[in-house]
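Here is a short report on one protein model. It covers helix packing, core contacts and backbone geometry.

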Amino acid sequence: TVTDLRVPRNSSQVLLSYLQQANIQYTILVSDLQQAIEKQTGLRSSRNRRSMPGYNYEVYHSLKEIQNWMYQLNKTHSDLIHMFSIGKSYEGRQLFVLKLGKRSRRYKRAVWIDCGIHAREWIGPAFCQWFVKEAIQTYQSDPAMRRMLNQLYFYIMPVFNVDGYHFSWTDDRFWRKTRSKNSKFRCHGVDANRNWKVKWCDEGASFHPCDDTYCGPFPESEPEVKAVAHFLRKRRKQIKAYLSFHAYAQMLLYPYSYKYATIPNFSCVESAAYKAVNALQSAYGIRYRYGPASSTLYVSSGSSMDWAYKNGIPYAFAFELRDTGHFGFLLPEALIKPTCTETMLAVKNITMHLLKKCH
């Protein structure tokens, strides 16, 4: 069994000597975790983050910075981008979505992309921003991107779990859940990826409010989940792909999560996944495993991916981005660019697969 431990600085020597005496093998992955956290959240004196031409896509951004970035794009690229809110979070923050695509005809098929359903997985929101940047910058020069934006709409939610993401910047870098309050327990939050109405609170989810995988008091109890589910339900005929970005594991997963079974359109989805991970690997040689989430990762119920698939979205994928555990949730900013560059290839591949008919 492999266990990941975070140890207070003043207890580390005691633990190390215990492990040595007990002859337990261990590896120190990050020697000063606090320093690594401060490096990502600390204010950079020269990080001209707020002016749009100088917006740095190779650093992590706070919720406020991301939302300001969305406002600016909405103003400066109104030909391709429309920003709107689909509701409010538990703590009253707006749930913003970007609609990306050329308004060329009335009805267009669409792709939904969300990032940051789990607060501590910062590489997710970084990728959502990267995707939008690439779309805008290469629309004129890249025929594939032009075709994608001319023929499809992309609904992009850079930060799904806005309250949790903000909390991971201000209080607890390793926070995962939402921030809703529980009346009986002092623990906060629900796992927003166990709160969907598909085999809710079955295997791989917990009924206990203090657990990281707490499924909530009932399906769609979290306003964030309810808002997205409502939005997707209304557009289920239009939306043909659902892509959710997580970290970490280097995997491309598709349904089912909640059971070991083969989906009806397995050959089309499997073919899209196979081509996507090959495209991804072509950039830096990074290998992704791919397959049904239940057998490739683990069984989990109440996930957004399974819900999307069950609600008629034929291509539903969850990406687990870099790495495989060395840095884990603290993926260094130096790895944002390569991670996003390779992931972009995979997403474009899935989108192009969508534009072709698969039988």
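Are helix 3 and helix 4 roughly parallel or roughly antiparallel to each other? Their axes cross at roughly 15 degrees, and the pair is therefore roughly parallel. Angles under 35 degrees count as roughly parallel, over 145 as roughly antiparallel, 65 to 115 as roughly perpendicular and the rest as oblique.

## Basis of the model

This is a predicted model: local features need pLDDT of at least 70, side-chain atom pairs count only at pLDDT 80 or more, and totals for chains, interfaces and linings use all residues. Residues are numbered from 1 along each chain as its sequence is written, and side-chain values use heavy atoms, with hydrogens and water left out.

Helices (H or I, at least four residues) and strands (E, at least two) are DSSP runs, numbered from the N terminus.

## Helix 3 against helix 4

Helix 3 spans residues 63–76 and helix 4 spans residues 123–138. Their axes come within 12 Å. Axes are lines fitted to C-alpha atoms, for helices over the stretch in contact, and angles run from 0 to 180 degrees between N-to-C directions. The crossing of helix 3 and helix 4 is left-handed (the near helix is turned anticlockwise from the far one by less than a right angle; clockwise would be right-handed).

Ile66, Trp69 and Leu73 are the helix 3 side of the contact. Helix 4 brings Pro125, Gln129, Val132 and Ile136. Contact means heavy atoms within 4.5 Å. By class, the contact of helix 3 with helix 4 has six nonpolar, one polar and no charged residues. Here Ala, Val, Leu, Ile, Met, Phe, Trp, Tyr, Cys and Pro count as nonpolar, Asp, Glu, Lys and Arg as charged, and the others, Gly among them, as polar.

## Helix 3 against helix 6

Helix 3 also packs on helix 6, at an angle of about 130 degrees and with the axes 9 Å apart. That makes helix 3 oblique to helix 6. Leu63, Ile66 and Gln67 of helix 3 meet Val162, Tyr165 and His166 of helix 6. The contact of helix 3 with helix 6 has four nonpolar, two polar and no charged residues.

Valine 159 sits in the loop between strand 4 (152–157) and helix 6. Valine 159 is buried, at 5% relative accessibility (buried is under 20% relative accessible area, exposed over 50%, partly exposed in between; 1.4 Å probe, protein chains only). Neighbours within four places in sequence aside, valine 159 touches Leu63, Ile66, Cys115, Pro125 and Tyr165.

## The nonpolar core

The largest nonpolar core has 103 residues. Such a core is a set of buried Ala, Val, Leu, Ile, Met, Phe, Trp, Tyr and Cys residues joined through side-chain atoms within 4.5 Å. Which members touch the most others? They are Trp112, Ile113, Phe131, Phe154 and Phe317. Beyond four places in sequence, isoleucine 113 touches Cys128, Phe131, Phe154, Tyr155, Ile156, Met157, Leu243 and Phe245.

## Backbone exceptions

Most residues other than glycine have a negative phi, and most peptide bonds are trans. A cis bond joins alanine 247 and tyrosine 248, with omega about 5 degrees. Tyrosine 248 lies in the loop between strand 5 (239–247) and strand 6 (251–254). Proline 255 and tyrosine 256 are also joined by a cis bond, with omega about 5 degrees. Tyrosine 256 is in the loop between strand 6 and helix 8 (266–284).

Glutamine 250 has a positive phi, near 60 degrees. The loop between strand 5 and strand 6 holds glutamine 250, which is buried at 12% relative accessible area. Phi of glutamate 220 is near 60 degrees. Glutamate 220 lies in the loop between helix 6 (162–170) and helix 7 (223–234) and is buried, at 10%.
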